[in-house]
Amino acid sequence: MNPTAAEIYTWLEEVKDPEIPVLSLVDLGVITDVAVDEEKVTVEMTPTFVGCPAMEYMKNEVEGVLKNRGVKNITINISFK
């Protein structure tokens with residue numbers, strides 16, 4: 001089964017901001033894009049501010065949620081644009 005981008009956005013609602021745990025990374029706009037290309041999922045993330053100390057933690061959480069749903073080929077890009 002190949003997930004859709006919409007399904008992935010729904011799954012990523014589980015990933016909460018470590019400083020404001022009532023909000024997800026999707027709510028905060030940190031997840032800026034999700035692309036599905038056959039077996040590969042690419043997630044674009046933009047931190048709320050440059051130098052955010054929690055970016056590696058959030059990246060790992062996103063990867064964990066996707067792996068728990070059976071996604072094996074994951075690319076997570078962090079940009080500051």
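In strand β3, the bridge partner of Met-45 is Ile-78; helices (H or I, at least four residues) and strands (E, at least two) are DSSP runs, numbered from the N terminus. The model is a predicted one, in which local features need pLDDT of at least 70 and side-chain atom pairs count only at pLDDT 80 or more, while totals for chains, interfaces and linings use all residues. Residues are numbered from 1 along each chain as its sequence is written, and side-chain values use heavy atoms, with hydrogens and water left out.

**Overall chain**

- The chain contains three helices and three strands, which follow the pattern α-α-β-β-α-β along the sequence.
- The radius of gyration is 12 Å, close to the 12 Å given by the globule rule for 81 residues, so the chain is as compact as a globular protein of that length. This radius is taken over C-alpha atoms, and the rule is 2.2 Å times the number of residues to the power 0.38.
- Taken along the principal axes, the C-alpha atoms fill a box of roughly 35 × 25 × 20 Å.
- Buried residues account for 35% of the 81 residues; buried means under 20% relative accessible area, exposed over 50%, and partly exposed in between (1.4 Å probe, protein chains only).
- Of the contacts between residues at least 6 apart in sequence, 51% join residues at least 24 apart, where contact means heavy atoms within 4.5 Å.

**Sheet**

- The three strands form an open sheet in the order β1-β2-β3, with mixed pairing; two strands pair if DSSP finds at least two bridges between them.
- Strands β1 (31–37) and β3 stand at the edges with a single partner strand each, so one side of each has no neighbour in the sheet.
- Neighbouring strands of this sheet are turned by 15° against each other on average, direction ignored. Axes are lines fitted to C-alpha atoms, for helices over the stretch in contact, and angles run from 0 to 180 degrees between N-to-C directions.
- Strands β2 (residues 40–45) and β3 (residues 73–78) run parallel and are joined by six bridges.
- Val-43 stands opposite Ile-76 in β3.

**Helices against the sheet**

- A right-handed β-α-β unit is made by β2, helix α3 (residues 55–68) and β3. Right-handed means that, with the strands pointing away from the viewer, the path from the first strand over the helix to the second runs clockwise.
- Helix α3 lies across β1, β2 and β3, at about 155° to β3.
- Helix α1 (residues 5–12) lies across β1 and β2, at about 135° to β1.

- The buried residues of α1 are Ile-8, Trp-11 and Leu-12. They cover an arc of only 95° around the axis, which puts them on the same side of α1; the arc is that of the directions from the helix axis to the C-beta atoms.
- These buried residues pack against α2 (25–28), β1, β2 and α3.
- The face of α1 turned away from the buried side carries the exposed residues Ala-6 and Thr-10.
- Ala-6 has a relative accessible area of 53%. Ala-6 and Thr-75 are 69 residues apart in sequence and 17 Å apart in space, C-alpha to C-alpha.

**Segment after β3**

- Ser-79 lies in the segment after β3 and is buried, with a relative accessible area of 16%.
- Not counting residues up to four places away in sequence, Ser-79 touches Met-45, Thr-46 and Pro-47.
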